Amino acid sequence: MIRVYRSNEINFKRNGVQVLDKLISNPVVSEEINGIYQFEFSIPIKDSDYIEMENIVVAPTPTNDDQAFRISHIRKSNGMYHVTCYHIFYDLNHNLIEDINIVNLGASAALEKIDKGCVNSHPFKIYTDISNKVASSRIVRYNPVRAMLGSDDNSFINRWGGEIERNNFNITFRKRLGIDSSVQIRYKKNLIGYEADIDYTQITTKIMPKAADGVLLPERYITSPKVNQYHNTKIKVIEYSDIKIRDVGSSDTEGMTKEEAYTEMRRRAWAEFSDNHIDEPRANYKVSFIDLEKTKEYKHIKKLENINIGDTLKVIHTEEKVSITARMISYKYDPVSMKYIEVELGNIAETFSSITSELRRINDKIDTEVMSAVDDSKQLATKMLKEGFGGHVKIMPDKILIMDTDNENTAKKIWMWNKNGLGFSNTGINGPYGLAMTKDGSIVADYITSGKLNANIIRAGQIVGKNFNLDLDSGLAKFGANSITKDSLSQDLKNELKGKDGRDGTDATLYEWLRDWNGTYTQVDGRKVISPNIFAGNRDGGVFFNENGLYVKKGGTTTAWISRDGSGFFGNSSDNISWDSSGNIRLPKITTDAIYPGNSERIILERGLAPGANDAKSIDATGNAIRLKYSAYAYLSVSNTGISGYRAGERKFATAGQYDGISVASGTVMNLDSSDTLMSVNSEAFWARASGAQVILATREGVYSTTAQLSSDVKLKENLCKINDDKIIRKNDDVKFDNLTSEDVFDFLKNTSLFNYNFKGQNKPKFSLVAQLIKDPIRSVIVGYNKINKTYAIDVYNYTSILHAGMQEEIKKREMLEARVTSLESDIDILRKELETLKSMLSTAK
């Protein structure tokens with residue numbers, strides 16, 4: 001149901017002020033992963049009582065049921081309003097984050113800072129299941145939507161990743177929306193309503209993995225199982241620069257053995273096929289259900305109606321003999337018919353963050369082993385000057401011009417030399433002059449290449465070398481591989497770095513030189529290194545230390561973290577192992593052949609209680625059952641005889657017994673809606689009450705009710721035929737039976753005996769039929785068999801109808817007899833009159 005609410009409503013369980021289902025046309029809910037989420041419809045102006053700007057419309061959606069959309073745009077045309085509503089989430093567009101700085105935080109803590117950084121309070125709750133990423137971001141004067149979903153490099157999705165799930169006032173950043181479904185659909189060329197954009201240029205079916213220092217596998221290549229699906233083999237070199245082989249015999253713990261490196265290279269290469277599907281074409285599909293419903297192939301595509309946004313499925317290309325893994329990345333949905341209008345599937349919907357990360361990864365792998373930049377520059381300058389033929393030199397009283405044409409007004413490339421200096425412009429006589437030497441001693445240039453540079457003061461942002469980078473603004477120094485080795489450190493520095501062992505649980509000795517450190521800059525000398533931030537590794541990952549703790553990164557993922565308060569985690573997914581500063585460990589998944597709960601056979605689920613405590617929230621395996629306990633007196637018990645529930649130490653229900661059903665304790669009360677509407681079961685009776693009045697009572701003596709109504713609507717019936725009639729209404733040939741006749745009814749009523757009796761265990765007298773003595777065809781209509789207690793019963797409704805039919809026939813016969821009696825009485829009257837006449841005649845004759 002589509003309902004309209006006032007603009008300030010936050011409880012959408014209420015009825016609202018108007019229902020729109022039968023009034024609107026062309027209703028479309030649209031959603032994209034990390035993109036727009038909106039609802040559009042049209043409505044006659046005469047019916048638009050509550051279609052006002054900023055009012056809220058709640059409509060069904062395919063994933064999270066009813067969602068709230070705020071009216072944001074109304075266009076008037078030909079007596080209709082065309083309305084656009086945006087998901088209630090976009091209310092955050094009107095809030096503001098003035099200035100927050102997120103430094104080395106996980107996704108949950110980052111979202112908490114974004115939430116608390118809003119100027120205005122709001123009703124939204126923000127959650128995430130991303131737990132394996134630590135990052136930083138500075139957000140200044142952004143609205144919260146831009147801060148979370150914006151294309152800016154410092155937005156949440158570009159720093160921490162994830163995909164947004166919007167569920168009214170609950171916002172969740174999932175690591176990945178959807179599930180890996182088992183749905184498979186078949187693509188067929190020229191199929192109406194089914195568009196496909198397939199790119200075969202990015203396929204790789206054979207990988208040459210390359211580790212650090214150019215290490216290759218002995219077998220060189222890893223080949224995809226799909227290699228024969230294409231007309232040729234598609235080879236690509238993929239570098240894993242974080243995989244390093246340590247020297248044989250070295251005591252250095254960094255790196256792997258050769259076999260370990262080979263194993264990791266093989267694993268990663270196989271993952272490119274199994275996880276990243278680089279052996280499949282890049283594809284994008286648009287499926288229009290409206291057009292497809294007209295085709296016979298629709299039954300094969302209909303499976304798409306059961307998937308949700310983010311779900312993964314397989315698209316089988318029969319003609320090309322290839323299958324492509326795709327996700328639903330957007331949809332259009334009709335909230336009235338509750339069916340998809342169109343869905344978009346794809347494996348090429350890259351986010352801004354994934355594209356920029358890929359660009360950084362490609363840039364990081366550029367081979368830096370080039371010849372000296374100085375030598376290159378010398379050779380290039382020599383070549384340019386030797387081959388600089390042509391040009392025009394113009395000597396003027398106040399300057400000398402060297403130009404690419406003979407006229408300074410048309411020349412683009414110009415050297416100018418005058419009393420103030422020498423300069424070059426490639427945009428004409430009016431500059432700007434990007435290269436210049438001026439009389440005050442300044443040199444202006446985009447690039448300066450030098451063999452040696454002597455200076456008293458160098459003002460610069462960064463000094464970048466092949467194996468050492470120094471950021472002069474932040475004070476951060478970056479050292480390349482092998483730039484500092486253990487052999488280049490003095491023994492004194494090694495001893496200082498090693499330190500002394502702590503005694504009696506105390507910290508190791510705090511060095512004198514550490515006490516003098518100001519805590520901000522990096523200090524390196526021949527005896528020690530001290531820094532607020534230390535990183536060991538390469539661009540693909542490594543270990544990072546700062547005052548907050550230790551981080552281990554692999555690519556863009558934090559795989560381990562130990563905080564200085566003692567908390568941390570291991571693992572690179574949402575299912576990591578984590579612990580808090582008190583030593584409490586979270587293990588989201590345990591794969592094991594057995595769990596042994598200890599001597600008490602009980603696992604305690606409540607803090608502050610001793611192991612084995614009985615009166616506690618727990619799971620135990622005592623005796624011959626497993627118990628899920630709230631306390632010693634309230635629990636569920638599961639055994640080979642069934643499931644039982646206990647409260648206050650007494651059993652209240654069980655799923656065992658003679659009939660394999662549910663048995664409940666005497667006096668059990670089931671509230672159906674409120675205290676005025678309930679059912680009660682005890683050893684004497686079962687009764688039900690509705691709206692304060694008793695509607696049924698069942699005891700051993702019978703069933704009592706204020707009324708009994710059985711369904712008799714003609715809409716529920718078929719094969720209707722009056723007694724003694726051959727005409728059948730609503731005939732169903734799949735159902736066959738013999739119709740009763742009046743003779744059958746009379747025979748039953750005349751010949752079937754009735755008995756006085758009592759039921760076993762009861763003293764109350766009864767009078768009725770005995771089911772076993774009733775014969776066909778009446779037997780097939782009124783006698784039934786109870787398979788549970790193996791007894792026969794009589795259908796009172798049909799029995800009453802048979803009595804009705806017998807009475808009808810008797811009434812008809814009585815009416816016929818009464819008519820005959822009336823006729824005979826009339827004949828008698830006539831005869832009486834004629835006799836009187838005859839008597840009179842005889843008297844006269846005498």
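How many aromatic pairs does the count come to? The count comes to 19 aromatic pairs. They sit in a predicted model, so every value here is computed from that model.

Start with the whole chain. The protein chain has 846 residues, of which 30% count as buried. Its secondary structure consists of 13 helices and 55 strands. Take the contacts between residues at least 6 apart in sequence: 43% of them join residues at least 24 apart.

Now the interior. In soluble globular proteins, nonpolar side chains tend to be buried together. Here the largest nonpolar core has 69 residues. Phe39, Phe41, Ile114 and Phe156 have the most contacts inside this core. Strand E20, residues 322-334, supplies the largest share of the core, with six residues. A second core is separate and has 14 residues. Its members include Ile207, Ile238, Ala269 and Phe273.

A pair of aromatic rings is described by the distance of the centres and the angle of the planes. For Phe39 and Phe41, the centres are 5.1 Å apart and the planes stand at 40 degrees, so this pair is tilted. Phe39 and Phe41 are both buried. Phe156 pairs with Trp160 at 5.4 Å centre to centre. The planes of Phe156 and Trp160 are 15 degrees apart, and the pair is stacked. Phe156 and Trp160 are both buried as well. Elsewhere in the list of rings, Tyr5, Phe12, Phe124 and Phe169 form one aromatic cluster.

Next, a helix pair. Two packed helices are described by the angle between their axes and the distance between the axes. Helix H11 spans residues 742-751, and helix H13 spans residues 796-845. The axes of H11 and H13 come within 10 Å and cross at roughly 105 degrees. H11 and H13 are therefore roughly perpendicular to each other.

Which residues make this contact in H11? They are Ser742, Val745, Phe746, Phe748 and Leu749. On the H13 side they meet Tyr799, Ile802, Leu803, Ala805, Gly806, Glu809, Glu810 and Lys813. By class, the contact of H11 with H13 has eight nonpolar, two polar and three charged residues.

Methods:
Residues are numbered from 1 along each chain as its sequence is written. This is a predicted model: local features need pLDDT of at least 70, side-chain atom pairs count only at pLDDT 80 or more; totals for chains, interfaces and linings use all residues. Side-chain values use heavy atoms; hydrogens and water are left out. A nonpolar core is a set of buried Ala, Val, Leu, Ile, Met, Phe, Trp, Tyr and Cys residues joined through side-chain atoms within 4.5 Å. Buried means under 20% relative accessible area, exposed over 50%, partly exposed in between (1.4 Å probe, protein chains only). Helices (H or I, at least four residues) and strands (E, at least two) are DSSP runs, numbered from the N terminus. Axes are lines fitted to C-alpha atoms, for helices over the stretch in contact, and angles run from 0 to 180 degrees between N-to-C directions. Angles under 35 degrees count as roughly parallel, over 145 as roughly antiparallel, 65 to 115 as roughly perpendicular and the rest as oblique. Contact means heavy atoms within 4.5 Å. Ala, Val, Leu, Ile, Met, Phe, Trp, Tyr, Cys and Pro count as nonpolar, Asp, Glu, Lys and Arg as charged, and the others, Gly among them, as polar. Rings of Phe, Tyr and Trp (its six-membered ring) pair if their centres lie within 6.5 Å; planes under 30 degrees apart count as stacked, over 60 as edge-to-face and the rest as tilted.
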